[in-house]
Amino acid sequence: MALPLSLEWTGSSLRLLDQRQLPHRVSFLELTRWQEVADAIVSMAVRGAPAIGVAAAWGVVLAAREGAVLSEALAGLRAARPTAVNLGWALDRMAEALGVPSSCAVDQLVALASCIEADDRRLTQALVDHGVGLLPTGCRALHHCHTGAIATAGVGTALGVIAAAHSRGVLRHAWLDETRPRLQGAALSAWELGQLNVPCTVIVDGASGLLMRRGEVDVVLVGCDRVAANGDVANKIGTYNLALAARAHGVPFYVCAPGSSIDRSTADGDAITIEERSEQEITAIGGVPIAAADVRAWNPAFDITPAHLISGIITEFGVLRAPYRAALAALPLMDQR
Ligand code: MRU
């Protein structure tokens, strides 16, 4: 079965897959104002670093169409979520175009947003092809969070590698971390692989060590929200623990990163802002409290995996190997501001 598009420009609005309704309902939001796009990013109706970036680009188009103050829209969209650098990457590209005369600005912005979206499709496909080439036949892959087609405008990153490996007869099985607290693995990745008939099993995040100890995992594949200049990687909370377990068990740990996720202006992982979200995301599930009312919780949405735990960074240019600083510096990328 074909997957729904994560987002689509209708000519006058941004049609956005509402990821919060999955896996129960495939429904779409019809957004006509930039503030609605920012809200959709904050509330996680759209999530996954590449999808967030492309959605923000369309948010700038909506701002221009509604005659909003563009600097305010750019700042508001940029502030929606702090960790995924794809957001700033897409907004920097849109901001560059804002120097054009206002009479043609909207058309130019539409063309640029279309180009950013098309780039994402092209980059993710190239990344996936490089990723599949790494995998041994019959491999069992472990995945964290959600990195599939709906997390991008294209075929996804790590989950795209898994899906393509299955269709090319390389993958035997996918293990999916459920990914507390927002359960992207159980709700989104498992749904996406189900639509594609890829054999998969959801595990609680804490089960990955046991699974590796039993020799049931041949490779770990994750996405990322930002790669720093030294190769440290920000990704969904729990990724670092997974990398440590993979190292302890001799399992290769690969990060999938399109160029839009690479931020050479950030020196290392310690310089990456980690988004902290509400305590209720931990103390309640689906709005139902699971802890006593006075229990406090700490909810960092992302963590940092140090470069030395990463076996390779899979990009559209190929697979980067340590030392990452040099490998990343050599890439033909537009740098972040
Ligand atoms: O908080 P989310 O759901 O937006 O976090 C998503 C992740 O951390 C993904 O793993 C990452 O963005 C990679 S998307 C290809």
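User: Why does Arg-122 count as exposed?

Analyst: Exposed means over 50% relative accessible area, buried under 20%, and partly exposed in between, with a 1.4 Å probe and protein chains only. Arg-122 has 52% relative accessibility, so it counts as exposed. This is a predicted model, where local features need pLDDT of at least 70 and side-chain atom pairs count only at pLDDT 80 or more, while totals for chains, interfaces and linings use all residues. Residues are numbered from 1 along each chain as its sequence is written, and side-chain values use heavy atoms, with hydrogens and water left out.

User: What makes Asp-119 and Arg-122 a salt bridge?

Analyst: The rule asks for a side-chain nitrogen of Lys or Arg within 4 Å of a carboxyl oxygen of Asp or Glu. The N to O distance here is 3.1 Å, so the pair qualifies. Asp-119 is buried, at 15% relative accessible area.

User: Why are Asp-119 and Arg-122 separated by about one helical turn?

Analyst: They are three residues apart in helix H5 (residues 102–132). Helices are DSSP runs of H or I with at least four residues, strands are runs of E with at least two, and both are numbered from the N terminus. An α-helix has 3.6 residues a turn, so residues three or four places apart point the same way.

User: What makes Asp-263 buried, and which side chains does it contact?

Analyst: Its relative accessibility is 1%, so Asp-263 counts as buried. Asp-263 is found in strand S11 (residues 262–263). A polar contact is a pair of N or O atoms within 3.5 Å; within protein, one must be able to donate a hydrogen and the other to accept it, and residues adjacent in sequence count only if both atoms are side-chain atoms. The side chain of Asp-263 makes such a contact with the side chain of Ser-265 at 2.6 Å, and with that of Thr-266 at 2.5 Å.

User: How do you know that the buried residues of H9 line one face?

Analyst: The buried residues of H9 (residues 239–248) are Thr-239, Leu-242, Ala-243, Ala-245 and Ala-246. Seen down the helix axis, they fall within an arc of 165°, so they line one face. The arc is that of the directions from the helix axis to the C-beta atoms. On the other side of H9, Asn-241 and Ala-248 are exposed.

User: What makes Leu-74 buried, and which residues does it touch?

Analyst: Leu-74, in helix H3 (residues 70–78), has a relative accessible area of 12%, so it is buried. Contact means heavy atoms within 4.5 Å. Leu-74 touches Val-60, Leu-91, Ala-95 and Leu-98, not counting residues up to four places away in sequence.

User: Which salt bridges link up in a network?

Analyst: The network links Arg-81, Arg-182, Glu-275, Arg-277 and Glu-281. Within it, Arg-81 and Glu-275 meet at 2.9 Å, N to O. Glu-281 and Arg-277 also meet at 2.9 Å, N to O, and both are buried.
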